[in-house]
Amino acid sequence: MSEWTDELKEQVVSEYVAAEPTAENSMEIVTELAEKHEQSPNGVRVILSKAGVYVKKTSASNAK
């Protein structure tokens with residue numbers, strides 16, 4: 001795995017936002033970006049969460 005540079009973080013965030021993530025497809029996008037940039041899905045999710053753009057999947061137990 002390569003190191004997270006500021007440039008890579010910005011690129012991953014912009015690609016994620018451009019993919020128009022929803023609660024249904026967010027993890028698919030994260031997985032694709034992780035493979036593309038040779039990073040772990042967890043690492044990508046952390047970067048997106050810190051940037052405030054990550055769309056979390058809503059759990060069924062919270063739905064009313």
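Good morning. I will begin with Glu 15, which, apart from residues within four places of it in sequence, is in contact with Leu 33, Lys 36 and His 37. Glu 15 belongs to helix H1. Please keep in mind throughout that this is a predicted model.

Two of those neighbours deserve a comment. The side chain of Glu 15 makes a polar contact with the side chain of His 37, at 3.0 Å. With Lys 36, Glu 15 forms a salt bridge, in which the closest N and O atoms are 3.2 Å apart. Lys 36 itself counts as exposed, because its relative accessibility is 54%, and the cut-off for exposure is over 50%.

Let me now step back to the overall arrangement. The protein has three helices and zero strands, and its elements run α-α-α from the N terminus on. Of its 64 residues, 30% are buried. Among contacts with a separation of 6 or more, 62% are between residues 24 or more positions apart.

I turn next to the interior. In soluble globular proteins, nonpolar side chains tend to be buried together. Here the largest nonpolar core has 12 residues: Leu 8, Val 12, Val 13, Tyr 16, Ile 29, Val 30, Leu 33, Ala 34, Val 44, Ile 47, Leu 48 and Tyr 54. Which elements give two or more residues to this core? They are helix H1, residues 6–18, helix H2, residues 26–36, and helix H3, residues 41–51.

Leaving aside neighbours within four places in sequence, Val 30 is in contact with Tyr 16, Pro 41, Val 44, Arg 45, Leu 48 and Tyr 54.

Consider helix H2 as a whole. Its buried residues are Ser 26, Ile 29, Val 30, Leu 33 and Ala 34. Viewed down the axis of H2, these buried residues fall within an arc of 135°, so they line one face of the helix. An α-helix has 3.6 residues a turn, so residues three or four places apart point the same way. The buried residues of H2 pack against H1 and H3. What does the face of H2 turned away from the buried side carry? On that face are the exposed residues Glu 28, Glu 32, Glu 35 and Lys 36. Just after H2, Glu 38 adopts a positive phi of about 55°.

Gly 43, Val 44, Ile 47 and Leu 48 are the buried residues of H3. Down the axis of H3, they too fall within an arc of 135°, so they line one face of that helix. These residues pack against H1 and H2. Gly 52 follows H3, and its phi is positive, near 80°.

That brings me to the aromatic residues. A pair of aromatic rings is described by the distance of the centres and the angle of the planes. The structure holds one aromatic pair. In this pair, the rings of Tyr 16 and Tyr 54 have centres 6.3 Å apart and planes at 25°, so the pair is stacked. Tyr 16 lies in helix H1 and Tyr 54 in the segment after H3, 38 residues apart, and the pair thus links distant parts of the chain. Are these two residues buried or exposed? Tyr 16 counts as buried because its relative accessibility is 0%. Tyr 54 is buried as well, with a relative accessible area of 19%, the cut-off being under 20%.

Finally, I would like to draw attention to Ser 26. This residue is located in helix H2, and at 1% relative accessibility Ser 26 counts as buried. What does its side chain meet? The side chain of Ser 26 makes a polar contact with the side chain of Tyr 16, at 2.6 Å, and reaches the backbone oxygen of Val 55 at 2.8 Å. Beyond its neighbours within four places in sequence, Ser 26 is in contact with Tyr 16, Pro 21, Tyr 54 and Val 55. Both members of the stacked pair, Tyr 16 and Tyr 54, are therefore among the contacts of Ser 26. Thank you for your attention.

Terms used. Residues are numbered from 1 along each chain as its sequence is written. This is a predicted model: local features need pLDDT of at least 70, side-chain atom pairs count only at pLDDT 80 or more; totals for chains, interfaces and linings use all residues. Side-chain values use heavy atoms; hydrogens and water are left out. A nonpolar core is a set of buried Ala, Val, Leu, Ile, Met, Phe, Trp, Tyr and Cys residues joined through side-chain atoms within 4.5 Å. Buried means under 20% relative accessible area, exposed over 50%, partly exposed in between (1.4 Å probe, protein chains only). Helices (H or I, at least four residues) and strands (E, at least two) are DSSP runs, numbered from the N terminus. Contact means heavy atoms within 4.5 Å. The arc is that of the directions from the helix axis to the C-beta atoms. A salt bridge is a side-chain nitrogen of Lys or Arg within 4 Å of a carboxyl oxygen of Asp or Glu. A polar contact is a pair of N or O atoms within 3.5 Å; within protein, one must be able to donate a hydrogen and the other to accept it, and residues adjacent in sequence count only if both atoms are side-chain atoms. Rings of Phe, Tyr and Trp (its six-membered ring) pair if their centres lie within 6.5 Å; planes under 30 degrees apart count as stacked, over 60 as edge-to-face and the rest as tilted.
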